Amino acid sequence: MRKPLLTLRRIGTALLAIALFNPCLSRAERFEKNGFSYSIAPPSSWVVPSPAPINASFHDEPDIRTPLNDIQVSLFGEQPEYYVHYQMVALQSSGLEKISQISISFSPEYETLTLHDISVIRNGQRIARLPQANVDMLRREQGLEAKLAVDGQVTALIVLSDIRVGDIIDVAYSTYGTNPVYGNRFTMSLPLNHPEGIGALRLRVVYPESHKLQYRMINSVLTPAITQEGRGRTLEISNNNIVPVKMEEDVPLGFSMFSWLHISEYRSWSEVNDWAMNHFSAATNPDPAVRQLARNIAAKYPTLKARAAAALAFVQNEIRYFGVELGTSSHVPKPAATTLTDRYGDCKDKTILLIGLLRELGVEAYPALVSAQSGPGIAKRLPSPFSFDHVITHAIIDGNVYWLDATLRHQGSNLDTLGFYAYGKALVVRPGARELTDMSFPADYMNRNLHHEIFTVTDFKKPVALSVSRTYHRQYAEYVRASLSARGLEAIQKDIHDQLLRNYPKIVTAGAAQVKDDLERNTIEVIVQFELPDFLKYETGRLRLEFNPSSLVDATTPPRVLARQFPLALRFPEQLTHFVEVRWPETLGIKLPPLIENSDAFLQFHSHYEIHDNVLLLEQRIAALASEVAPQQVPQYLERLKKIRSELGGSLQLAVYNKEDVSNRYETEVKKYFYFMEDSLERARRKQIAVQLISDDVIRAGKLDNSSLLQAYMDRAAASTLLDQCNSAVKDLRAALKLDSSQMSAKRLQADALAACGNHRESLQIIDEVRQKNSTQQMLSLRARNLFMLGKYREAEGQLQESIRLAGSTEAAQYDLLWLALAQLRQGKTVDEKLRELALLNGLSAENWPGPIWLALSENTSGEKVLREANKQPMEARLRRTEALFYLGQQALAQNQADKARNYFLQSIDIGASPQWEYIFSKLQLGQ
C-alpha cells in the first residue's frame, strides 16, 4: 500500500563536486537487463554540488560509517525527481558485505532509474567502477516470497569486487516519477540520524511556489532554511557529525528513536480523508453477488452483531490474503465483487468486501487507515497518506464501536471478545472526517493467559504426574489458533515441553495433547500430560517439591538493554495468572506463607496460598498497569521485577515419617546423654539424634523409592558416625551402596565411618577410589588424618599442604594447619617459619579460635592457658575443650610425655562430645 520512506541506507552524496564526475558520461546512455531499463548519465542541471564529506569518528560506532549523505528533490517537472548521493566506508571486515553490494529499488510502472556514478576512493585516489559495473535488474518480490503480495518493485543490484576495509564507496543516482495514486501533491519523510555515524547530511528540495510545502521536525532542534529565487523556493537542512543512534529493543509502538523531517502538501487530515474517499468510495458500490452473500448470512444468524461476526469470519477465513499492488493498486482497492470472485485480496481489498457485506446487513461501516509500524506516532506527523500502511474497518453496531481487521484469521465468533489491536490512531474514511480518531481499548479489556499445573503424588515410589493446562484469551487465543493451524498440535506440545525442561530436566510427556476451543468466548485451552521421575527430593524425613511458574518468570525477565535512553514498552493490557495445585496422598498440615498483594505504577502482583485437606493451591498473578516505562524510571521498574521474581513459585517440604513416634523416641534418647546444658554441644548431639531417629523411621516404613531410601541410609550413617556408632554407620552405608554402587557421596561417608572405627587403611582405599572421580579438599583432609593416625606423618604433611591450598582462607584451612603442625611435631621437628606465615595469612591468632591451640603448638604456650581460652565462651566451651585436649595430647606425645598425653585424651573423651572428630580421634589414639 505504501511507498517506502527514503532511508539513509539508500541515500547519500558524492565526495567531489558534480563537475568531477566521470567525464565519459557526457550524455545519457540507456541499458536494458532482464526486461527492465536504466540509464547512465550526469545529474540534472538543477542538482547543486554536495557539501564536503566529514569522516568523523564516534565512540562505540558500528562496523560502517557514512561520511556523507546528500538528498535533493526537484518538483519543477511533471513528476518529482529524487537525486541521491551517499558515501559509506567499512571500519572492519564485517562491514565489507554491507558496503560492497549496492541495491537500489524502484517501481518501473511509474519510476525511471538513472545511475550517475559509482566509485571507490582508496588512499585518496578515486577509481571509477560504473563503466565496467555489472548492473543486475532483479524483480525480487519479497512480498511474493512470503506469499502475500506482488508490488512490482525492481532492484538494481551492483556487486563491487576488491573492496577493502577503509575504502570509501561513492554512489550517486536519481529516480524520476512517483505513484500516480498520490496525484501532484508531494510528501516525504526523512530520518536525520541512523544507527551508523554520519559525517555530513543534507536535504534540499527545490519547488515552485505553487507547491505549498509544510514541514515538521520530530525529535530535532534543527530548522530548515527556506529561500526564494524568482517563482521558485528551496527548502534545505544540513547537519554534521551526527552520532550513531544506539538502537534499543522493546520501545513502545509509535516511539521513534530517530530524528525526522516530515514534508507534506496536505494541510489537514481532512484533505487526506478527501484523497482516501476518492479512492475508496467507488469500490463499495452495491453488487448483486455481495448482496446475496449478505442475505445468506442474515438468514443464518438472528442478531445484527452475530451477522457482523459471521461476515468478518467469512472475509478473514475464506478470502486469501494476497495483493497485486502494481501502480495505483498499491492504494486503490478492488471492487468488493472482484475480491469476492477472486477469493484473494490485500488489506484494503478485504476491508472493502467486509464493508460491503456489513452495509448490506444494515451496519454502519467505514475504512480506517492505520499504521502498524508507527501506531499512535502518526499524530506527531504532518497529514499525509504516507503515514498509513494498513486498512481496517470501523463499524458501529447498536451504538458500540468495533475495530475489525479483515486480514486476521482465527479470531472468535463474538465481536465483544475479539482481540483488540491497538494502533492508537486511525483516519476513519467517511464524509466530514477532519481529525484522527483515537483507538482506545474497550472497557475492562484484558489479554489474559492462565496456566494451571496440577502435581499429583499417589505413591512416593512412582513418578509424579503433572497436568499442564494453558488457557489463552483474546489476542493470545488468536495467536495460538494461528500457530496450531500453521504448525500443528505436536509442535505446541513440544514448545510446552521444552519450556518445562528448564525447570524439570527429567520431565517426559505422557500421552497426546488436547485442545478445547471456545470461539464464542474467544478462548483456547491446551492440555498436556507429563511425568516427573525423581521429582520429589528427599531431605531428612521430608520430601521437597519445587514448582516454578515459568510463564511469570518469562514475563519478569529484565530487558537485554538495562541502561536505557528510550522508553521501555510493557505488554499492556495483560494479565498472566499461574495456578499450582498439589495433590498429596495424605492430609497437609503445613504453615502457609502470607498473602502478597501490591501494586506500583507499572505492575500489580498477587500471591495467595490455600489448603483443602490434601490439596495445596497457589495462585500467582501479574498484571501490567501501564503501557511503558520512562527511561528515568527503568531502575525503579527493574527493582520491582527483581522483587517479584524472588516471590515467584515455591516449594513444599512434607514429612514422610511418624512425627509422634519419633518425638517419643527422641525424648527417651535425649535423657540418656544430656544434663540439659544449653550449649552448642547439646544442640549438635540433639540434632544428630533427631536425624538418626527420623531416618530410622523412614527406612523402616519402606515408602520411598530407591533414590530417597539411599539418602535416608546416608543421613542415618552420618548421624551414627558423629554419635560414636561407627559400626552402625558402616552397615548403613553398605546397604546404601547396594542401592547404587556408583554413589560417590555414600562412598565419602563410608570413608568417614571407617576412619571413625579406626579402619584407616580401608578408609584410605575408599578415599583413593573416590578421588579418581572427584578429588575434593575434604577428601584430602580426611586422607591426611588417616595417614597421621597410621603414623605416616611425612605423607600426611604433604596431603595437608595440598588441602590447605584448596581450602583457601576458610575454617577448614585453619584446622588443617593445626594437623600440619602436629605432623611436623610428631616427626621431631618444630613448626617451621613457612607454616607460621601461612597461619598468619589464615587468621590464626590468640583472639580467634582455634588460634590459641595454634599458639600452644607453635609457641609452646601452656595447656592451662589454652583451656582457659576455651572456657571463655560458655556456649562453645565443651566443644572447644574437646578440641584443645586432643591437640594438647598430640603435642605431649610428640614430646614423649605419654602419661600427660593419656590424661589429655581421657579428659577429651569424658566431655562426651561425640559429634566432634577430635573426640573420635582421642578415643582412637587412646586405644593405640
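Aspartate 534 is partly exposed, with a relative accessible area of 36%, where partly exposed denotes a value between the limits for buried (under 20% relative accessible area) and exposed (over 50%), computed with a 1.4 Å probe on protein chains only. In this predicted model, local features are reported at pLDDT of at least 70 and side-chain atom pairs count only at pLDDT 80 or more, whereas totals for chains, interfaces and linings use all residues. Residues are numbered from 1 along each chain as its sequence is written, and side-chain values use heavy atoms, with hydrogens and water left out.

The backbone of aspartate 534 has a phi near 55°, a positive value in a residue other than glycine, and aspartate 534 is placed in the loop between β30 (523–532) and β31 (537–539); helices (H or I, at least four residues) and strands (E, at least two) are DSSP runs numbered from the N terminus. A positive phi, of about 65°, also occurs at arginine 343, which is not a glycine. Arginine 343 lies in the loop between α6 (336–342) and β20 (344–345), and is partly exposed, with a relative accessible area of 39%.

Most residues other than glycine have a negative phi, and most peptide bonds are trans. The peptide bond from phenylalanine 572 to proline 573 is cis, with omega near -5°, and proline 573 belongs to the loop between β33 (568–569) and β34 (574–583). Tryptophan 849 and proline 850 are likewise joined by a cis peptide bond, for which omega is about 10°, and here the proline, residue 850, is found in the loop between α21 (833–841) and α22 (851–859).
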